Amino acid sequence: MRAARRGAALLVLLLTVSACASIPESSEPKAVKEVDGSNTTIPINPPPDDIDALALVRSFVDKSASPASNHESARKHLAPAIERNWTPPPGMLIVENVDTIPATPPQPLPEGVQLVTLRADRVGRLLADSSFVPESGELTVDVRVERQGNGQWRITTPPPELVVSKASFSSAFRPVPVYFLDHDLSGVAPDLRYVVSQPATTLPRRVIELLTSGPSEGMRDAMRTAIPPGVHPKTNTTEAADGALEVNLSQLGDVSPETRRLIAAQVVYTLEGVSSARVRIKEEGMPLLPDGKDLRPTDMENYEADNLQRPDLPGLAVVSERVLVLDRQAKPIPGPAGSGEYDVVRAGRSPHGDKFAAVTRRPGGVALRVGDFGGQLAELPTVGNYMSKPTWRGEEETWTVVDGREVVRAMATATGWVPQTVDTRALPAGRPITDLRLSRDGTRVAAVIDDQVVVAGIGEQDGHAVLQRPVMLRAPQDVRITGVEWRQDESLVATTDSNNFPVFDLSVDGFRWEPYTAANLGQPLTAITVGPGGQVVVADRHGIWQAQDTEDVWSLVDAPIGGASIPFYPG
């Protein structure tokens, strides 16, 4: 069924792209009035009269996050001659632990001139496409400050890039998932972006402009969009008189009804991140869909359902080389994986529950077995000394890491399961891969490489999977990452070797890291998985523990399964 949907969706998207050439020139988007932070009526005050040179530079870093009125808050820290000609560089360098100290100039400075060294720890960078990429290391830059005729200190040589404190960035911007198409073009997948949070009335326009501009730079090869190139909002995305959000797109060209439905799903799920209003989608002022009704996410839920966990499928656990159900009875699953015929080391169940993969012991190492859940599992020629827990991409392919180096995906064919090596040349060379998990939408992998989380997009080239644009998400507190799992398609959970910070919840781009409580957990943690509703489950030497939120105290799972087990949920 899913294979048929994939073929149909691919045909739909190809028809969409080919139809773009027929878009008439008269349907080009009209210029619309920009409404943004520069229209705010809130007065922007200059720095305090008695501020010293060191505090002025720190204040400049804090105020640079706000783009209102062409960064007027930051401009007021500059000398008048510099302020008039200052053009903020594109993007933002986000930092924390900001400090300023007097610099020692190579030559004596005139009276009323100071050189200030700005020091900070790099957090990451907001790119021009509103996506975030992490960075590490220290920033050190000298800033020249001069006393003006009125006695006030002002900056005359600002940093060459726009340096912004993390706290002020978090106050001025908010993360919003912008939705594109998943790996088989049959559902939606989120691409995390950051938009200016005020004025709130402009948020719908901002996210729709990001949507029509396409996926972010890092996900451009992993995600697709049903929106044809050149299609943009014809008018501002605004609230209609009856409270509905109205999105009016320029002409789409000759696209199929299914493509229109996919476009509607992308629009509705994207706007859900900034508004709870009904969505009215138009094309050149006419309804996008034949029925013309206003839409809510519940109207498009079939485009998200395949990428959500099924609540009716229980968790499982590998215990003493058998697979048991993670419940009060803890019965073995049907078939040789549960009976003990196979010596199961690790295992993974497909998202819909029909397929099963197991890493099993064999003379001299381990092998990968794949087949129907509850049935015989065919042993593939994929063997090694170590394999990571199998992870699934739909019902038709499962991935594992062999001996910390080679990533293999086993694909369902008419004649059986066929292993294929994944192109991992973009990953850090020569570093061991100890864990790897696929996102439920199939567009990304999260891996543990050299004790850090690495996230990469999944592209396809000539029928082969290629990992692209990997980004290392460096953990705080100098902890070492031991395991990772997707909590949602825009967030992860990770285990560490730390007693104080054993588990973190983090955003997929690494901007946010939130520690879970350490209460009740003991090192080492041997496994992590996520159940329906975001329930996080970890195993240590004493048992299997669960928590819903970062502030919850870990409680034992109600199952007669002790420590040294490996729990897992489908996916």
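Author: Arg369 sits in strand β17 (residues 365-372); strands here are DSSP E runs of at least two residues, numbered from the N terminus. This is a predicted model, where local features need pLDDT of at least 70, side-chain atom pairs count only at pLDDT 80 or more, and totals for chains, interfaces and linings use all residues. Residues are numbered from 1 along each chain as its sequence is written, and side-chain values use heavy atoms, with hydrogens and water left out.

Reader: Is Arg369 buried or exposed?

Author: Arg369 is buried, at 17% relative accessible area. Buried means under 20%, exposed over 50%, partly exposed in between, with a 1.4 Å probe and protein chains only.

Reader: What does the side chain of Arg369 reach at 2.9 Å?

Author: That's the backbone oxygen of Leu377. The Arg369 side chain also makes a polar contact of 3.2 Å with the side chain of Glu379. A polar contact is a pair of N or O atoms within 3.5 Å; within protein, one must be able to donate a hydrogen and the other to accept it, and residues adjacent in sequence count only if both atoms are side-chain atoms.

Reader: New topic: how do β20 and β21 pair?

Author: Antiparallel, over six bridges, with β20 covering residues 397-402 and β21 residues 406-413. Pairing takes at least two DSSP bridges between two strands. Trp399 is opposite Arg409 in β21.

Reader: And what's in the turn?

Author: Three residues separate the strands of that hairpin, and Asp403 in the turn has a positive phi of about 55°.

Reader: How many residues link β21 to β22?

Author: Two, again in a hairpin.

Methods:
Helices (H or I, at least four residues) and strands (E, at least two) are DSSP runs, numbered from the N terminus.
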